[in-house]
Amino acid sequence: MNKIKFLILTIHIFGLSQLAVAQDDLLQLLEDERPKSLLYTMATFKTNRIAIGHSIETRKKGILQLHLGTRYWNIPLEGRRTSFLVDRVSVRFGAEYAFTDLFTGELGINSFDGVINSSLKYRVLRQQDNGKVPLGITLVQSTSLFTRNFSGVQLPGSFSERLLFTQQAIFARKFNRNLSLQIAPTYIHSNSQQLNFEEKDFFVLGLGGRYRIGNHTELVSEYHFVAGREEGVQGFNPYSFGLNWEIGDTTMQFFLTNAKSFDEATTILYTPNNFNFNDGGLHLGVNVIYVLHLKKRQLPK
């Protein structure tokens with residue numbers, strides 16, 4: 001009788017072990033079938049723009065992002081340091097829509113120079129948390145149209161000569177929860193030398209980063225270096241440093257910069273002042289970015 005009990009117990013133990021193995025195999029199968037998106041690194045940057053330039057980020061499908069950008073600066077007098085009195089204000093109104101999770105389109109207009117700007121943005125590669133893909137890549141194609149004269153710039157007669165085209169390849173990596181860095185090789189082409197340019201083609205290297213200092217706040221900074229350009233008469237390289245504050249669907253950006261404009265081409269090529277406290281080159285920037293969810297994402301059944 002004891003032998004029969006022992007045999008029954010052995011059969012039960014063997015059956016349970018096989019069931020456990022089968023469950024492990026099933027869990028492994030389900031793990032393999034899990035959507036790859038769950039492995040993607042999220043929020044390398046909190047917004048589509050670091051401050052004055054594009055970040056690697058795109059919005060989720062169906063999101064409409066509204067952008068109100070402002071710059072404030074004073075007109076310097078001889079012997080007077082920057083006082084942050086508002087002598088001049090520059091404003092941008094823009095809207096960006098996410099056609100898919102990876103592809104967005106944007107349209108905006110600037111008050112300072114009357115530039116109408118449009119851009120297309122596509123995420124080619126996304127960083128993964130498991131280390132298999134160590135960085136992300138996003139491509140940006142931007143077009144800027146000058147609509148009026150400004151700051152001594154006289155517009156060419158033909159429509160095509162008023163256009164500038166910007167191409168960017170943005171490479172970024174989120175190193176940990178707090179630190180993200182990106183590098184953006186950039187090419188800008190102007191259809192006319194009449195826009196106060198000695199050349200028509202420009203090669204630029206953009207650098208940007210963020211450092212998280214709180215649950216909803218982070219320090220951000222950007223710099224764009226124009227190759228082969230002597231800073232001064234031909235313009236200065238744009239720089240910004242500031243704070244991003246996330247409040248629900250709204251992001252507030254507060255920063256100091258020497259850039260007056262907002263689109264990629266004029267921000268990089270038409271920055272007339274150096275970043276300092278002596279000659280009116282230091283501008284206060286305040287951006288408000290608001291997100292509208294036009295399509296509700298369906299939860300998996």
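Contact, as used in these legends, means heavy atoms within 4.5 Å. The model is predicted, so local features need pLDDT of at least 70 and side-chain atom pairs count only at pLDDT 80 or more, while totals for chains, interfaces and linings use all residues. Residues are numbered from 1 along each chain as its sequence is written, and side-chain values use heavy atoms, with hydrogens and water left out.

**View 1. The surroundings of leucine 195.** Apart from neighbours within four places in sequence, leucine 195 is in contact with Phe146, Val153, Leu155, Pro156, Glu161, Leu164, Ser190 and Tyr270.

**View 2. The largest nonpolar core.** A nonpolar core is a set of buried Ala, Val, Leu, Ile, Met, Phe, Trp, Tyr and Cys residues joined through side-chain atoms within 4.5 Å, where buried means under 20% relative accessible area with a 1.4 Å probe, protein chains only. This core has 16 residues, and among those touching the most other members are Phe146, Leu164, Leu195 and Tyr270.

**View 3. The largest cavity.** A cavity is a set of points, on a 1 Å grid over the protein atoms alone, where a 1.4 Å probe fits but cannot get out, and its lining residues have an atom within 4 Å of a point. The largest cavity holds about 70 Å³ of space, and its lining includes Lys46, Arg210, His216, Trp245 and Thr251.

**View 4. The second largest cavity.** About 50 Å³ of space lies in the second largest cavity, whose lining residues include Ile50, His54, Gln168, Ala184, Leu207 and Glu222. Ile50 and Ala184 also belong to a second, separate core of eight residues.

Conventions:
Buried means under 20% relative accessible area, exposed over 50%, partly exposed in between (1.4 Å probe, protein chains only). On a 1 Å grid over the protein atoms alone, a cavity is a set of points where a 1.4 Å probe fits but cannot get out, and a pocket is an open set with protein on both sides within 12 Å along at least five of seven lines; lining residues have an atom within 4 Å of a point. Grid points are joined across faces, edges and corners, and a volume is the space filled by probe spheres set on the points.
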